[in-house]
Amino acid sequence: MVTIAPSILAADFGRLAEEVAAVGEDVDWVHVDLMDGHFVPNLSIGPPVVASLRRHTPKLLDCHLMVTDPGRWLEPLAEAGADGCSVHVESGDPTELLSRIRDLGMMAGVVIDGPTAFEAVEPYLDERIDLLLVMTITAGFGGQSFQPEQVAKIERAAAIRRHRDLAFHIEVDGGVKVATAPLVARAGADVLVSGTGIYDGRDPAAAAAALRAAADAARD
Ligand code: DX5
Ligand code: ZN
């Protein structure tokens, strides 16, 4: 079974706790995009919002750090109640950050952005990570079109995971909808982030269920 991780970037920020609850009990991850207006040209949310959400949901808070100095935010995020932090490989060797994330009791993830070649992340696909996040867009904004050429990265990561007998999650982020979920699930992804695919309609729980069904059918 794949895990669906709704991205609250596409939710109504004025009703965030309700929007998180609206995805239903079958969804147990929530994807939280932190952007600093510098690493990416967009500004979103930070640790205080994570702390507020923590008081309203038991779901796993999966933080995607799109910030210039990710190391600065790890402790505040752990204190806020984040369950996982993923850092971009474009910021440099993530080894030290990954071990700090784990020392703080969180799941450690590394992210590869759309324009970056797979080789940049390949050296870190080992015991240091709990999660690899493959962007199927260029990070920064929700609502972009899925880039099918990124699917090869998922396939390569899944092959490495198999050959090295590892268990890290392969999470996919960007343009994941009912039409594209089967492509990433078949390639080996097991966590699917979706923002506009879940929050643009009227029923986030039904949208999440439809995404999961489409992905699971492709994996059978
Ligand atoms: C963008 C974020 C995504 C975003 C995805 O950089 O990392 O998590 O919310 O949005 P959709 O699913 O609409 O492409
Ligand atoms: Zn994201």
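**Zinc site and strand β2**

Trainee: Is Asp33 buried or exposed?
Mentor: Asp33 counts as buried, at 5% relative accessibility. Buried means under 20% relative accessible area, exposed over 50%, partly exposed in between (1.4 Å probe, protein chains only).

Trainee: What am I looking at here?
Mentor: This is a predicted model: local features need pLDDT of at least 70, side-chain atom pairs count only at pLDDT 80 or more, and totals for chains, interfaces and linings use all residues. Residues are numbered from 1 along each chain, chains are lettered from A and ligands numbered from 1 as written, and side-chain values use heavy atoms, without hydrogens or water.

Trainee: And His31? Buried or exposed?
Mentor: Buried, with a relative accessible area of 0% for His31.

Trainee: Which protein donors does the zinc ion (ligand 2) have?
Mentor: His31 through NE2, Asp33 through OD, His64 through ND1 and Asp173 through OD. They lie 2.0 to 2.3 Å from the zinc ion. Donors are N, O and S atoms within 2.8 Å of the metal (3.2 Å for Na, K and Ca); water is not among the atoms, so sites may look incomplete.

Trainee: How are the donor residues spaced in sequence?
Mentor: The pattern is H-x1-D-x30-H-x108-D.

Trainee: Switching to strand β2. How many of its residues are buried?
Mentor: Seven of seven, across residues 29–35. A strand is a DSSP run of E, at least two residues.

Trainee: Which residues sit on each side of β2?
Mentor: Trp29, His31, Asp33 and Met35 are on one side. Val30, Val32 and Leu34 are on the other. Both faces are covered.

Trainee: What stands opposite Val30?
Mentor: Leu61, in β3. β2 runs parallel to β3 (residues 60–66), with seven bridges between them. Pairing needs at least two DSSP bridges.

Technical notes
Helix = DSSP H or I, 4+ residues; strand = E, 2+ residues; numbered from the N terminus.
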